[in-house]
Amino acid sequence: MQVSKKIVVLGHFGVGKTSLIRRFVEDSFSDNYKVSIGVHITKKVVEVSPEEEVSLILWDLEGTDDLTTIRDAYLLGTHGVVFVFDVTRPSTFQALNADLDIVRSKISKTPLLVVGNKVDLVLKEDLETLFTKNNIETNFLTSAKTGNAVNDLFLHLAKLLH
Amino acid sequence: MLDQYQKEYATQNVQFILIDEKGTILETDQAFLKLETNSSIFDVHAFFYTFESIKDTLENALLFSCVHIHFKDEDYVTDIRFVKKKEGYLIIITDYTSHYTEYQAIAQTRNESIINGELVAIKNAELEERENFKNSFIRNFSHELRNPLTSIISITKILSDTALTNQQQDMVTFLQQSNANLKQLLDDILSISMISSGRLKLRENIFSLSQLFDLLRFTYKTRALDNNIEFAVNVDKKIVDLVEGDRLRLFQVLTNLLDNAFKYTQTGSIRLDIQLNQKRANRLNLRFEIVDTGVGISVENQTAIFESFSQLSGEQNSDAPRGTGLGLSIVKGLLNLMDSEIKVISNVGEGSSFYFDLTLKQPLATTSKTSIITPRKKKDKKAKFRTDKKFRILLAEDDINVQTVLFKSLLDTNYFYIDLVSDGALVMEKLINEEYDLLLIDINLPNVTGDQVARLIRDFPFKNIKSIPIIGITAYSYEDDFKAFKKSGMNAVLSKPFEHEELLSTMAKYLK
Ligand SMILES: Nc1nc2c(ncn2[C@@H]2O[C@H](COP(=O)(O)OP(=O)(O)OP(=O)(O)O)[C@@H](O)[C@H]2O)c(=O)[nH]1
Ligand SMILES: [Mg+2]
């Protein structure tokens, strides 16, 4: 059996978790919003170096604005966490640092990437001021719609965990 | 028989699978996932990879709820339990698809409505921000315009008092008209920005309707005669005279509508009709209607004429050359404030009728002690000053143009000695070392502003300084600002651009 790494994708609802995974796994996108409940799990094998593969087991969690309600069972055995917020909706990042603290208290010592999604909808300059104003640091700025930085994000994580 | 059925249905949505520690299926029923023994649980669905990481620490049982399983083209939403047994690991999968589908529908509605609410709020906030920016821009811009305009008006006034040839006199008259137009435009723009920023507050008073209508008759009679147009104000006999409301704003609405009518009516007549719609308890509802026989407005333009800057935006329509378009949008805004709405009926070439219904309070005649506001006649009598002595004026103004103009025009009257300072910090020094009868001070001075100076003066221990009359000059023309300035201890505040006579008569009030 291949090396497998469990990645949990979480964040507030409607931020684009499902869309990011769909873009990464199927290279497709839909404008329709179908609310995810519980958890959807998909697998994707990626090449981290020539002749070396890792299978990423992607856990797409139900979005919630109260991260304390995430079911602990979902987080067992997690190797990496992707926290997604929506750059167009302040409510999804206004309490970002507090949200991250909650996540870290639930899964400590696990690499965590902070991702601002839907960057296709805003101007880059506006983003910068927004982030400085809200004291936010991100690892990736993505668009599931255009595919911008989506592969980079997951490949980066795969290499990190490998 | 029954327990056979029970067995069939009760177990249908629960599946039991027994695996070894490598994940190989040892035993399974076929409740809904058709699995083969000896195959690997990992091949069933990616979820089961989780077994790898939990098996070593698994004590009794562990539950995963609401897990989506896709297997052989079927989707299931399930709860999955792992239980450690002697023979290996037991997996119990319960199919709750229909239950979770209901829950999904609820979550769908909830999330969508929350997100929509957020997006609407964001959009509104953006609109508001843009509107605020626009208003503060207009405010600052008109502030900038007021200084040079004050100079122009004052210099034109000085110029008109010099010896001029007939031709020059005509040009000066033209200049004065243009100045007046420009000032009107500036005031209109400010009115609009005040209305849309909510800074304009209504002030209700008891006033006489008949006096208001007389004033309108009087104001427009000459204009009608000049243009050879019939003009009439017809008032319903059932309307009482004394009412309570914002007389100034009502007057502004009616004059804007009448000005508009005169502008677009070359022949025929213009009428202002006032009808009583309804009278209930102490409220009157009146219909005001302005009817003209002018050029009319096409249906397409009938909403556009009330938009701010509709004409300034460059789309000139031949049949609706409504000036700057500001007058009507002021009407719309003011009536809005008064809970009313302007409406128009018009046919191109036949004329227009603008109308609105307005509710006014009817004060109880006997109990009212409030003084009745009568229209302030425009003072055309010259301000009077003593001639046996000259007054000493300290003028504090930093704008060199305004300074020159004020200095020269005040000096020309021969009533005053004038000292100049251009810095707020120097005013106190001057007042202490010299004696003055009045301080004329620009509010927007460098270092120490006019209102700060006024406060210092009013707190000063020596009576002769403490009680000196102060007249403020400001380019601001907002009500709030005025109030704040007066509170700082100024006796009067004039807003630029002001007329020479207005300044003199204000000064005369405090120089005895
Ligand atoms: N323009 C744009 N829209 C996006 C992007 N990503 C997602 N969306 C849209 O945002 C909505 C929500 O996307 P999902 O991927 O379902 O969001 P989610 O985080 O999985 O939501 P939950 O499952 O409710 O937690 C959908 O309408 C998507 O089409 C993006 O990068 N750009
Ligand atoms: Mg989702």
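**Notebook: chains A and B and ligand 1**

I began with the area buried between chain B and chain A, which is about 2,300 Å², with carbon and sulfur atoms giving 67% of it. I note at the outset that the model is predicted.

**Entry 1: the contact between the chains**

I looked up which residues take part and found 28 residues of chain B in contact with 27 residues of chain A. I then turned to the polar side of this interface. The rule finds 14 residue pairs in polar contact across the interface of chain B and chain A, both residues of a pair being at pLDDT 80 or more. For salt bridges, the count between chain B and chain A is 1. I identified the partners as Arg89(A) and Glu118(B), whose closest N and O atoms are 2.9 Å apart.

Next I asked which elements give two or more residues to the side of chain B that touches chain A. I recorded helix H2 (50-54), strand E3 (61-71) and helix H3 (97-160) of chain B. H3(B) provides the largest share of that side, namely 12 residues. Sorted by class, the side of chain B that touches chain A holds 17 nonpolar, 8 polar and 3 charged residues.

**Entry 2: the sheet**

I followed the strands and found an open sheet of 11 strands with mixed pairing. I wrote down the order as E6(A)-E5(A)-E4(A)-E1(A)-E3(A)-E2(A)-E3(B)-E4(B)-E5(B)-E1(B)-E2(B). The edge strands are E6 (140-141) of chain A and E2 (25-28) of chain B, each of which pairs on one side only.

Where do strands of chain A and chain B join? I located 2 bridges between strand E2 (residues 39-49) of chain A and E3(B), and these strands run parallel. His40(A) has His68(B), in E3(B), as its bridge partner. E3(B) is also one of the elements listed above on the side of chain B that touches chain A.

**Entry 3: ligand 1**

I asked why the site of ligand 1 is shared between chains. The site is shared because residues from chains A and B surround ligand 1. Of the 24 residues around ligand 1, I noted that Lys17(A), Ser19(A), Ser30(A), Tyr33(A) and Asp120(A) come nearest.

I then looked up individual polar distances. An N or O atom in the side chain of Asp120(A) is 2.7 Å from a nitrogen atom of ligand 1. For Thr18(A), a side-chain N or O atom lies 2.7 Å from an oxygen atom of ligand 1. Ser36(A) places a polar side-chain atom 2.8 Å from an oxygen atom of ligand 1.

Methods: Residues are numbered from 1 along each chain as its sequence is written. Chains are lettered from A and ligands numbered from 1 in the order in which they are written. This is a predicted model: local features need pLDDT of at least 70, side-chain atom pairs count only at pLDDT 80 or more; totals for chains, interfaces and linings use all residues. Side-chain values use heavy atoms; hydrogens and water are left out. Contact means heavy atoms within 4.5 Å. Buried area is the accessible area (1.4 Å probe) that two parts lose on being put together, summed over both. A salt bridge is a side-chain nitrogen of Lys or Arg within 4 Å of a carboxyl oxygen of Asp or Glu. A polar contact is a pair of N or O atoms within 3.5 Å; within protein, one must be able to donate a hydrogen and the other to accept it, and residues adjacent in sequence count only if both atoms are side-chain atoms. Helices (H or I, at least four residues) and strands (E, at least two) are DSSP runs, numbered from the N terminus. Ala, Val, Leu, Ile, Met, Phe, Trp, Tyr, Cys and Pro count as nonpolar, Asp, Glu, Lys and Arg as charged, and the others, Gly among them, as polar. Two strands pair if DSSP finds at least two bridges between them. A residue is near a molecule or strand if one of its heavy atoms lies within 4 Å of it.
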